[in-house]
Amino acid sequence: MKWEQKHRNIITEIISMLFVVLFVYAAMGKLLDGNKFYNNLNNSPLFGVGHIAGIVSWAIPVIEIGVALLLTFQKTRLKGLYGALILMATFTIYVAGILFISPYTPCSCGGIITLLSWEQHFIFNIIWIGLAITGIVLYRKECGATPHSTYHYTKYPF
(Lines give C-alpha, C1' and ligand atoms only; values in the text may rest on other atoms or scores of the structure.)
Protein backbone atom coordinates (compact mmCIF):
# COMPACT_ATOMS: atom_id res chain seq x y z
CA MET A 1 0.00 0.00 0.00
CA LYS A 2 1.43 3.35 -1.04
CA TRP A 3 1.96 6.10 1.51
CA GLU A 4 -0.61 8.33 -0.25
CA GLN A 5 -3.29 5.66 -0.19
CA LYS A 6 -2.66 4.98 3.47
CA HIS A 7 -2.81 8.63 4.52
CA ARG A 8 -5.29 10.24 2.08
CA ASN A 9 -8.14 10.35 4.55
CA ILE A 10 -5.99 11.81 7.32
CA ILE A 11 -4.60 14.52 5.03
CA THR A 12 -8.08 15.37 3.76
CA GLU A 13 -9.40 15.64 7.30
CA ILE A 14 -6.49 17.87 8.35
CA ILE A 15 -7.07 20.15 5.34
CA SER A 16 -10.80 20.25 6.10
CA MET A 17 -10.27 21.10 9.76
CA LEU A 18 -7.76 23.82 8.85
CA PHE A 19 -10.46 25.37 6.65
CA VAL A 20 -13.00 25.02 9.48
CA VAL A 21 -10.69 26.94 11.82
CA LEU A 22 -9.96 29.58 9.16
CA PHE A 23 -13.59 30.15 8.19
CA VAL A 24 -15.02 30.10 11.72
CA TYR A 25 -12.28 32.47 12.92
CA ALA A 26 -12.84 34.81 9.96
CA ALA A 27 -16.64 34.69 10.25
CA MET A 28 -16.63 35.36 13.98
CA GLY A 29 -14.27 38.29 13.49
CA LYS A 30 -16.55 39.75 10.83
CA LEU A 31 -19.69 39.23 12.90
CA LEU A 32 -18.21 40.50 16.17
CA ASP A 33 -16.70 43.58 14.53
CA GLY A 34 -19.46 44.01 11.98
CA ASN A 35 -19.20 47.79 11.68
CA LYS A 36 -15.54 47.65 10.69
CA PHE A 37 -16.20 44.93 8.10
CA TYR A 38 -19.21 46.83 6.74
CA ASN A 39 -17.20 50.08 6.52
CA ASN A 40 -14.34 48.31 4.73
CA LEU A 41 -16.81 46.90 2.19
CA ASN A 42 -18.65 50.18 1.87
CA ASN A 43 -15.37 52.00 1.12
CA SER A 44 -14.13 49.33 -1.28
CA PRO A 45 -12.87 50.77 -4.56
CA LEU A 46 -13.84 47.62 -6.50
CA PHE A 47 -16.88 45.96 -7.96
CA GLY A 48 -19.38 48.48 -6.62
CA VAL A 49 -19.38 46.57 -3.35
CA GLY A 50 -20.28 49.76 -1.50
CA HIS A 51 -23.81 49.58 -2.91
CA ILE A 52 -24.42 46.13 -1.46
CA ALA A 53 -22.17 46.32 1.61
CA GLY A 54 -25.04 45.66 4.03
CA ILE A 55 -25.99 42.36 2.41
CA VAL A 56 -22.42 41.25 1.75
CA SER A 57 -21.29 42.06 5.30
CA TRP A 58 -23.75 39.43 6.57
CA ALA A 59 -23.65 37.00 3.64
CA ILE A 60 -19.91 36.35 3.70
CA PRO A 61 -19.68 35.25 7.35
CA VAL A 62 -22.85 33.17 7.03
CA ILE A 63 -21.44 31.43 3.94
CA GLU A 64 -18.11 30.89 5.72
CA ILE A 65 -19.89 29.21 8.63
CA GLY A 66 -22.00 27.15 6.21
CA VAL A 67 -18.90 25.91 4.39
CA ALA A 68 -17.25 25.13 7.74
CA LEU A 69 -20.26 23.00 8.68
CA LEU A 70 -20.13 21.15 5.33
CA LEU A 71 -16.45 20.40 5.94
CA THR A 72 -17.18 18.96 9.37
CA PHE A 73 -19.12 15.92 8.16
CA GLN A 74 -17.73 13.21 5.89
CA LYS A 75 -20.92 13.01 3.79
CA THR A 76 -20.76 16.71 2.92
CA ARG A 77 -17.00 17.19 2.97
CA LEU A 78 -16.54 17.22 -0.81
CA LYS A 79 -19.18 19.94 -1.15
CA GLY A 80 -17.42 21.82 1.64
CA LEU A 81 -14.06 21.53 -0.11
CA TYR A 82 -15.59 22.88 -3.32
CA GLY A 83 -17.21 25.67 -1.28
CA ALA A 84 -13.85 26.46 0.31
CA LEU A 85 -12.23 26.56 -3.12
CA ILE A 86 -14.92 28.93 -4.44
CA LEU A 87 -14.66 31.20 -1.39
CA MET A 88 -10.88 31.34 -1.53
CA ALA A 89 -10.90 31.95 -5.30
CA THR A 90 -13.43 34.77 -4.80
CA PHE A 91 -11.36 36.34 -2.02
CA THR A 92 -8.22 35.99 -4.14
CA ILE A 93 -9.86 37.72 -7.11
CA TYR A 94 -10.86 40.56 -4.79
CA VAL A 95 -7.32 40.85 -3.36
CA ALA A 96 -5.87 40.75 -6.89
CA GLY A 97 -8.27 43.54 -7.85
CA ILE A 98 -7.04 45.61 -4.91
CA LEU A 99 -3.42 44.97 -5.88
CA PHE A 100 -3.58 45.41 -9.64
CA ILE A 101 -6.65 47.53 -10.46
CA SER A 102 -7.64 49.62 -7.46
CA PRO A 103 -6.50 53.24 -7.35
CA TYR A 104 -5.89 52.86 -3.60
CA THR A 105 -5.69 50.08 -1.03
CA PRO A 106 -8.37 50.15 1.64
CA CYS A 107 -7.99 48.90 5.20
CA SER A 108 -7.17 45.22 5.44
CA CYS A 109 -9.27 42.35 6.83
CA GLY A 110 -9.72 41.72 10.51
CA GLY A 111 -7.89 39.53 12.98
CA ILE A 112 -4.43 38.13 12.33
CA ILE A 113 -4.77 38.80 8.59
CA THR A 114 -4.32 42.54 9.29
CA LEU A 115 -0.67 41.77 9.94
CA LEU A 116 -0.26 40.80 6.28
CA SER A 117 0.30 43.21 3.42
CA TRP A 118 -2.04 42.88 0.43
CA GLU A 119 0.75 41.05 -1.44
CA GLN A 120 1.19 38.60 1.45
CA HIS A 121 -2.58 38.19 1.67
CA PHE A 122 -2.63 37.28 -2.03
CA ILE A 123 0.04 34.58 -1.48
CA PHE A 124 -1.79 33.38 1.66
CA ASN A 125 -4.97 32.92 -0.40
CA ILE A 126 -3.11 31.10 -3.20
CA ILE A 127 -1.74 28.64 -0.64
CA TRP A 128 -5.27 27.99 0.68
CA ILE A 129 -6.53 27.48 -2.88
CA GLY A 130 -3.79 24.87 -3.28
CA LEU A 131 -4.91 23.18 -0.06
CA ALA A 132 -8.53 23.11 -1.26
CA ILE A 133 -7.54 21.56 -4.59
CA THR A 134 -5.36 19.01 -2.79
CA GLY A 135 -8.23 18.13 -0.46
CA ILE A 136 -10.64 17.70 -3.38
CA VAL A 137 -8.25 15.48 -5.32
CA LEU A 138 -7.42 13.31 -2.30
CA TYR A 139 -11.06 13.03 -1.23
CA ARG A 140 -12.15 11.98 -4.70
CA LYS A 141 -9.38 9.36 -4.84
CA GLU A 142 -10.24 8.07 -1.36
CA CYS A 143 -13.92 7.70 -2.18
CA GLY A 144 -13.37 6.40 -5.68
CA ALA A 145 -15.35 9.23 -7.23
CA THR A 146 -15.32 9.45 -10.98
CA PRO A 147 -15.33 12.81 -12.77
CA HIS A 148 -19.02 12.33 -13.60
CA SER A 149 -20.32 11.17 -10.22
CA THR A 150 -21.93 13.89 -8.16
CA TYR A 151 -22.88 12.15 -4.94
CA HIS A 152 -21.58 9.05 -3.27
CA TYR A 153 -21.51 7.40 0.10
CA THR A 154 -18.33 6.42 1.82
CA LYS A 155 -17.36 3.80 4.31
CA TYR A 156 -16.96 6.50 6.98
CA PRO A 157 -19.90 7.44 9.24
CA PHE A 158 -19.01 11.16 9.21
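Me: Which helix holds arginine 8?
Reply: This is a predicted model. In this model, arginine 8 lies in helix H1.

Me: Is arginine 8 buried or exposed?
Reply: Buried means under 20% relative accessible area. Arginine 8 has 12% relative accessibility, so arginine 8 counts as buried.

Me: Which residues does arginine 8 touch, not counting residues up to four places away in sequence?
Reply: Begin with a pair of positions. Arginine 8 and arginine 140 are 132 residues apart in sequence. The contacts of arginine 8 itself are Leu138, Lys141 and Glu142.

Me: How far apart in space are arginine 8 and arginine 140, C-alpha to C-alpha?
Reply: Along the sequence, 132 residues separate arginine 8 from arginine 140. In space, C-alpha to C-alpha, the distance is 9.8 Å.

Me: How many helices and strands does the protein have?
Reply: From the N terminus on, the elements run α-α-α-α-α. The total is 5 helices and 0 strands.

Me: What share of the residues counts as buried?
Reply: The protein has 158 residues. Arginine 8 counts as one of the buried ones. The buried share is 39%.

Me: Among contacts between residues at least 6 apart in sequence, what share joins residues at least 24 apart?
Reply: Take the contacts in the protein between residues at least 6 apart in sequence. The share that joins residues at least 24 apart is 69%.

Me: Which residues have the most contacts inside the largest nonpolar core?
Reply: In soluble globular proteins, nonpolar side chains tend to be buried together. Here the largest nonpolar core counts 26 residues. Those with the most contacts inside it are Phe19, Leu22, Phe23, Val67, Leu71, Leu81 and Met88.

Me: Leaving aside its neighbours within four places in sequence, what is leucine 22 in contact with?
Reply: Leu22 is among the residues with the most contacts inside the largest core. Beyond its sequence neighbours within four places, leucine 22 is in contact with Met88, Phe124 and Trp128.

Me: Is phenylalanine 124 buried, partly exposed or exposed?
Reply: Phenylalanine 124 is found in helix H5. Buried is under 20% and exposed is over 50%. At 23% relative accessibility, phenylalanine 124 therefore counts as partly exposed.

Me: Which residues is phenylalanine 124 in contact with, leaving aside its neighbours within four places in sequence?
Reply: Phenylalanine 124 and isoleucine 113 are 11 residues apart in sequence and 9.3 Å apart in space, C-alpha to C-alpha. Setting aside neighbours within four places, the contacts of phenylalanine 124 are Leu22, Ile113 and Leu116.

Me: How are H2 and H3 set to each other?
Reply: Two packed helices are described by the angle between their axes and the distance between the axes. H2 and H3 pack at about 125°, with axes 9 Å apart. Angles of 65 to 115 degrees count as roughly perpendicular, and those over 145 as roughly antiparallel. H2 and H3 are therefore oblique.

Me: How many charged residues are in the contact of H2 with H3?
Reply: Phe37, Tyr38, Leu41 and Asn42 in H2 meet Ala53, Gly54, Val56, Ser57, Ile60 and Pro61 in H3. The residues of this contact divide into 7 nonpolar, 3 polar and no charged.

Me: What is the handedness of the crossing of H3 and H4?
Reply: The axes of H3 and H4 come within 7 Å and cross at roughly 145°. The crossing of H2 and H3 is right-handed. That of H3 and H4 is left-handed.

Me: How is H4 set to H5?
Reply: H4 and H5 pack at an angle of about 160°, with their axes 9 Å apart. Over 145 degrees counts as roughly antiparallel. So H4 is to H5 roughly antiparallel.

Me: Is valine 62 buried or exposed?
Reply: The place of valine 62 is in helix H3. Exposed means over 50%. At 53% relative accessibility, valine 62 therefore counts as exposed.

Note on methods:
Residues are numbered from 1 along each chain as its sequence is written. This is a predicted model: local features need pLDDT of at least 70, side-chain atom pairs count only at pLDDT 80 or more; totals for chains, interfaces and linings use all residues. Side-chain values use heavy atoms; hydrogens and water are left out. A nonpolar core is a set of buried Ala, Val, Leu, Ile, Met, Phe, Trp, Tyr and Cys residues joined through side-chain atoms within 4.5 Å. Buried means under 20% relative accessible area, exposed over 50%, partly exposed in between (1.4 Å probe, protein chains only). Contact means heavy atoms within 4.5 Å. Axes are lines fitted to C-alpha atoms, for helices over the stretch in contact, and angles run from 0 to 180 degrees between N-to-C directions. Helices (H or I, at least four residues) and strands (E, at least two) are DSSP runs, numbered from the N terminus. Angles under 35 degrees count as roughly parallel, over 145 as roughly antiparallel, 65 to 115 as roughly perpendicular and the rest as oblique. A crossing is left-handed if the near helix is turned anticlockwise from the far one by less than a right angle, and right-handed if clockwise. Ala, Val, Leu, Ile, Met, Phe, Trp, Tyr, Cys and Pro count as nonpolar, Asp, Glu, Lys and Arg as charged, and the others, Gly among them, as polar.
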